[in-house]
Amino acid sequence: MKIVVCIKQVPARDSQLRVASSGAWIQDADLSYEINEPDAYALEEGLQLKEKHGGEVVMLCAGPARAAQTIREALAKGADRAIHIEEEDLGAFDALGAARLLAGALGSEKPDLVLTGLQSDDLGYGQTGVILAELLGLPHATIIMQVEKQDGSIRVKRELEDGWFQHVEMPLPALLTIQSGINKLRYATLMGIKKAKNKEIRRVTAAELGSPGAASIQLSRVYLPSRNKQTQLFDGPPKEAAAKLVEKLKFEARVI
Amino acid sequence: MSILVVMEQRAVAGPPAWSRMSWETLAAGQQLARELQQPVSAAVLGQGIESLAAELTGKKVDHVYVVEHDLLKDYTPDTYTAAVRQLVERTGAAIVIFPHTYQVRDFLPKLATALGRVAVSDVVAHRIEDGKLVLVRQLFQGKLNVDVRFAGDPPYFASMQAGAYRADTIETGSGAIEMFTPQLTPSRTKPLDLFREAQRAVDLTAAEIIVSVGRGIKEADNIPVVQKLADVLGAELAASRPICDSGWLPMERQVGSSGQTVAPKMYLAVGISGAIQHLVGMKGSKTIVAINKDANAPIFEVADYGIVGDLFQVVPALVEEIQKAKQS
């Protein structure tokens, strides 16, 4: 089974985010970056399916040159090779434009299964996978918690609201967006890190994949959300802050 | 610029029933209609949905489109995409809005793509500027907001986050039923059984006080730090999704859109940043307390009381102070 896993590099989870002076995006120069968490679970699922059924895991990533680090780490975990769509300004593409890049870069790859994380931790559209499925003409299912390969088809467990799930069956090739927590993430081994150095990363630029077309949505301004609720914040040394909080909980909120 | 609200119904454990968020989306549609001085209509898809449609006719909408077909009985992305697409083309609706449910997340991007558009997902607010619609959504798990505008020609698509609009603002009126039968072919995906995992042993909804823990706890070995706080308060221990994903606490203790929705007397969020998926599961709590090292964490937007600090110092201090307060 040939499995393509789409990954994205995003600012590390505990980054202190500051809005850029232009107001168009964040100040991203001094941030550290990591693999988008749901994509890490998609990669793990791809690796486990390959271990069970044989085949190949190909990483697909659109991002600036710095994304090469994240791709290398994914290769160290066991992916066979990677395609890196190099583009310094992905912000110029909307979700459809970005998915067109991914579809274009797949070219003649003809995967049996395409996996993505269910959403990105930065933009959080939760759409790229489904858009890619439509562009590639593949059936899809989202927010997947289990994948079982059958003869020429797959059976998946889809998460719904309020603790409900549904099984869905579909023919291959297909696309799935993977939910965090579907599996247990592995660490790269020393051997894996060593091997990754010799694995192929095919680089292609966004320009080579053709014009993205006009964007149909535009992000016009990024800002800190305003607070609707007056939060009483207590500071000082922990003991002092805790004492003030407990007094409020006892005499104002009356919950202790 | 007429507005179309696509409502959601599901037959999960019984006859078709509304997804509660649909009413909030209808409220949003009516509000947009007032502000843009445009007509609003509502649609419902499925099979055997006459009684649901009848309920919609009592609301202030122009038309109630009843989109019925045998192939719409069970949701599939292929059939729902085709049906809504045909309805949008037939009605010429310019702004088409949906509740931001798991089902909508599954097919709306496909629908928008088929029409060469991008949907704005997870909208939390909107405003009109120079007659143009500006939608507000969140970035970075709620740490930042962004204003989004549509470019190019309609139709424009958006999905509205739970709790962003109030269902109790819906205006009553009378809408005219219009039947619409789409041309459909069978779906490539085959929906099978709907199920819940083994019966939940923990009913968080019954708890009066909940202590909930998030990524800030760093590792499984640190869970006793918050367990102690829960014990001294006589509270149930709960968690945000990543903690359950990592297996540090069982899934049945998860609060949020994919876990339980709770509204206790006090909800104490420890080391939880407050992504929207978590907030929707707890923001109805009577008193919310947050302890987090990041003063900009979105959890403070819903908190009544908060301490910005290192939970490993704050929580033990809090345990001590609570013990004192209980003895006095």
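**Entry 1: nonpolar cores.** I looked up the largest nonpolar core and found 123 residues, of which A:V5, A:M59, A:L60 and B:A43 touch the most other members. I take a nonpolar core as a set of buried Ala, Val, Leu, Ile, Met, Phe, Trp, Tyr and Cys residues joined through C-beta atoms within 7 Å. A residue counts as buried if 20 or more other C-beta atoms lie within 10 Å of its own, as exposed if 12 or fewer do, and as partly exposed in between, with C-beta atoms placed from the backbone. Helix α3(A) gives this core the most, seven residues. I also noted a second, separate core of 54 residues, which includes B:L237, B:I272, B:V302 and B:V314.

**Entry 2: basis of the model.** The model is predicted: local features need pLDDT of at least 70, side-chain atom pairs count only at pLDDT 80 or more, and totals for chains, interfaces and linings use all residues. Residues are numbered from 1 along each chain as its sequence is written, while chains are lettered from A and ligands numbered from 1 in the order in which they are written.

**Entry 3: A:V5.** I listed the contacts of A:V5, leaving aside neighbours within four places in sequence: A:A42, A:L43, A:G46, A:V57, A:M59, A:L60, A:A79 and A:L115. A contact requires C-beta atoms, placed from the backbone, within 7 Å.

**Entry 4: chain A.** Chain A holds six helices and 13 strands. These are DSSP runs numbered from the N terminus (helices H or I, at least four residues; strands E, at least two). Of the 256 residues in chain A, 43% are buried. Among contacts with a separation of 6 or more in chain A, 70% join residues 24 or more positions apart.

**Entry 5: chain A against chain B.** I found 68 residues of chain A in contact with 69 residues of chain B. On the chain A side, α6(A) supplies the largest share, nine residues. By class, that side has 38 nonpolar, 16 polar and 14 charged residues. The classes are nonpolar (Ala, Val, Leu, Ile, Met, Phe, Trp, Tyr, Cys and Pro), charged (Asp, Glu, Lys and Arg) and polar (the others, Gly among them). Strand β9(A) runs antiparallel to β12(B), residues 190–196, and five bridges join them; pairing requires at least two DSSP bridges. Within this pair, A:W164 stands opposite B:R196.

**Entry 6: domains of chain B.** Chain B is divided into domain 1 (3–180) and domain 2 (204–327), with bounds from an automatic or database domain assignment. Their centres, taken over C-alpha atoms, are 34 Å apart. Seven residues of domain 1 of chain B contact eight of domain 2 of chain B.

Definitions and conventions. Two residues are in contact if their C-beta atoms, placed from the backbone, lie within 7 Å.
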